[in-house]
Amino acid sequence: MFLNLEPLYSSIVENIKERVSKLPKPPKLAAVTCQPDLSTLSYLRSQEKQAKRLGIEFAVYEALKASDLKLLLPKLSSDDTVNGIFLTHPLPSDISELEAVSLISPEKDVEGRHPINLGNIMYDNPIFPPCTAEAVLRIIKYVTNPAGKTITIVGRSVTVGKPLSMLLLQKGVDATVTVCHSRTKNLAEITRNSEIVVVAIGKAKALGKEYFSPGALVIDVGINVENNEIFGDVDPSVAEICDLTPVPGGVGRITTLVLMEHTVKAAEMARKY
Ligand SMILES: NC(=O)C1=CN([C@@H]2O[C@H](COP(=O)(O)OP(=O)(O)OC[C@H]3O[C@@H](n4cnc5c(N)ncnc54)[C@H](OP(=O)(O)O)[C@@H]3O)[C@@H](O)[C@H]2O)C=CC1
Ligand SMILES: Nc1nc(=O)c2c([nH]1)NC[C@@H]1CN(c3ccc(C(=O)N[C@@H](CCC(=O)O)C(=O)O)cc3)C=[N+]21
């Protein structure tokens with residue numbers, strides 16, 4: 001069946017609204033876009049909608065070339081009116097992701113892609129974990145206790161697969177994690193033997209029922225836009241045999257809320273110093 005994430009969603013919204021009301025002024029999120037692809041445009045739409053609803057200021061800045069980013073990111077990092085900075089995929093071809101995210105001050109890296117924020121996860125001390133990885137962890141914890149469970153992640157990106165594997169290995173989360181990718185042999189055999197499967201590959205409806213054991217928890221991270229419709233990476237028919245997160249209305253919405261929550265946290269941290 002399709003999982004109903006409304007109660008989780010509402011509890012995060014209420015927590016954010018309460019924390020925003022305690023701030024002296026609305027926190028501000030700056031989204032820096034380069035050449036946004038369709039799934040990024042879906043993300044920006046979601047951010048704009050959520051920010052308005054939560055009383056968070058949201059501004060979009062365009063940077064088409066590396067030289068624009070090299071000016072804009074340090075400027076936003078030192079701008080006291082900006083609390084969070086979000087840099088969309090894909091980047092201009094003349095700058096690497098590592099070089100670009102390193103231009104954002106870690107305290108404003110609300111997306112959690114700066115090496116310092118990714119490194120903190122290794123020490124079980126996540127300040128800003130990557131939003132999608134954190135959203136998936138929150139959903140898993142909302143549905144079940146991950147301790148000791150076999151969890152297979154399909155995808156090893158810096159945004160999702162890799163950080164999520166580390167979040168699941170933290171002391172106190174204690175899942176048993178397998179990470180698969182495009183070079184994995186016998187993928188279906190591995191995923192069928194997992195109690196929980198997270199799919200983040202970027203291929204619409206790529207995984208059907210044959211990849212999952214009945215009753216498994218399946219978290220569909222995929223956001224694939226085709227003819228103005230959004231599809232996940234998992235075929236919707238999987239909901240007939242497993243507990244499946246919906247797309248849209250699943251991981252995407254929680255990811256956007258986590259980004260907003262990180263922006264509030266950055267504003268709260270900025271007040272302390
Ligand atoms: N809902 C949300 O909040 C978010 C959704 N997304 C969505 O999640 C999806 C993945 O995003 P992202 O992680 O950035 O994607 P990337 O393209 O960076 O990574 C895709 C990963 O999937 C692996 N892969 C691709 N095809 C297969 C296959 N057939 N079998 C096994 N593994 C495969 C790749 O393997 P290899 O490493 O070998 O190339 C790679 O590791 C996209 O649809 C994206 O839009 C992304 C971020 C947030
Ligand atoms: N630096 C970076 N980080 C990302 O996390 C990232 C990215 N770039 N590029 C693109 C992918 C995709 N992604 C989405 C997240 C939420 C929704 C989302 O909230 N979608 C709503 C629908 C919103 C709408 O289209 O109206 C939903 O799924 O319910 C969509 C897309 C994040 N990504």
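Biologist: Is asparagine 227 buried or exposed?
Modeller: In this predicted model, asparagine 227 sits in the loop between strand S8 (224-226) and strand S9 (229-231). The cut-off for exposed is over 50% relative accessible area. Asparagine 227 has 78% relative accessibility, so the residue counts as exposed.

Biologist: What is the phi of asparagine 227?
Modeller: Most residues other than glycine have a negative phi. Asparagine 227 has a positive value, near 40°.

Biologist: Is aspartate 174 buried, exposed or partly exposed?
Modeller: Aspartate 174 also has a positive phi, near 60°. The residue lies in the loop between helix H7 (161-169) and strand S5 (176-180). Buried requires under 20% and exposed over 50%. Its relative accessibility is 39%, so aspartate 174 is partly exposed.

Biologist: Which residue does a cis peptide bond join to histidine 89?
Modeller: Most peptide bonds are trans. Here omega is about -25°.

Biologist: What is omega for the cis bond between valine 247 and proline 248?
Modeller: Proline 248 belongs to the loop between strand S10 (243-244) and H9. The cis peptide bond joining valine 247 to proline 248 has an omega of about 0°.

Biologist: How is the aromatic pair of tyrosine 43 and phenylalanine 86 arranged?
Modeller: The search of the whole structure gives 1 aromatic pair. Its ring centres are 5.1 Å apart, with 85° between the planes. An angle over 60 degrees counts as edge-to-face, so the tyrosine 43 and phenylalanine 86 pair is edge-to-face.

Biologist: Why does this pair tie together parts that are apart in sequence, and by how many residues?
Modeller: Tyrosine 43 is in helix H2 (residues 38-54), while phenylalanine 86 is in strand S3 (residues 84-87). Both are buried, tyrosine 43 at 16% relative accessible area and phenylalanine 86 at 2%. The pair therefore links parts separated in sequence by 43 residues.

Biologist: How much of ligand 1 does the protein bury?
Modeller: Contacts to oxygen atoms of ligand 1 include a polar side-chain atom of serine 157 at 2.6 Å and a backbone N or O atom of alanine 200 at 3.5 Å. A backbone N or O atom of valine 221 is 3.2 Å from a nitrogen atom of ligand 1. Alone, ligand 1 exposes 920 Å², and the buried share is 73%.

Biologist: Which helix gives the most residues to the shell around ligand 1?
Modeller: The shell divides into 8 nonpolar, 11 polar and 2 charged residues. The greatest contribution, 3 residues, comes from helix H9 (residues 251-272).

Biologist: Which backbone oxygen does the side chain of threonine 256 reach?
Modeller: Threonine 256 lies in helix H9 and is buried, with a relative accessible area of 0%. Its side chain makes a contact at 3.0 Å with the backbone oxygen of glycine 252.

Biologist: How much of the accessible area of ligand 2 does the protein cover?
Modeller: Nitrogen atoms of ligand 2 have side-chain N or O contacts with threonine 40 at 3.1 Å and glutamate 111 at 3.0 Å. An oxygen atom of ligand 2 is 2.8 Å from a side-chain N or O atom of serine 42. Of the 670 Å² that ligand 2 has on its own, the protein covers 88%.

Terms used
Residues are numbered from 1 along each chain as its sequence is written. Chains are lettered from A and ligands numbered from 1 in the order in which they are written. This is a predicted model: local features need pLDDT of at least 70, side-chain atom pairs count only at pLDDT 80 or more; totals for chains, interfaces and linings use all residues. Side-chain values use heavy atoms; hydrogens and water are left out. Rings of Phe, Tyr and Trp (its six-membered ring) pair if their centres lie within 6.5 Å; planes under 30 degrees apart count as stacked, over 60 as edge-to-face and the rest as tilted. Helices (H or I, at least four residues) and strands (E, at least two) are DSSP runs, numbered from the N terminus. Buried means under 20% relative accessible area, exposed over 50%, partly exposed in between (1.4 Å probe, protein chains only). A polar contact is a pair of N or O atoms within 3.5 Å; within protein, one must be able to donate a hydrogen and the other to accept it, and residues adjacent in sequence count only if both atoms are side-chain atoms. Accessible areas come from the Shrake-Rupley method with a 1.4 Å probe; for residues, only the protein chains shown count as cover. Ala, Val, Leu, Ile, Met, Phe, Trp, Tyr, Cys and Pro count as nonpolar, Asp, Glu, Lys and Arg as charged, and the others, Gly among them, as polar.
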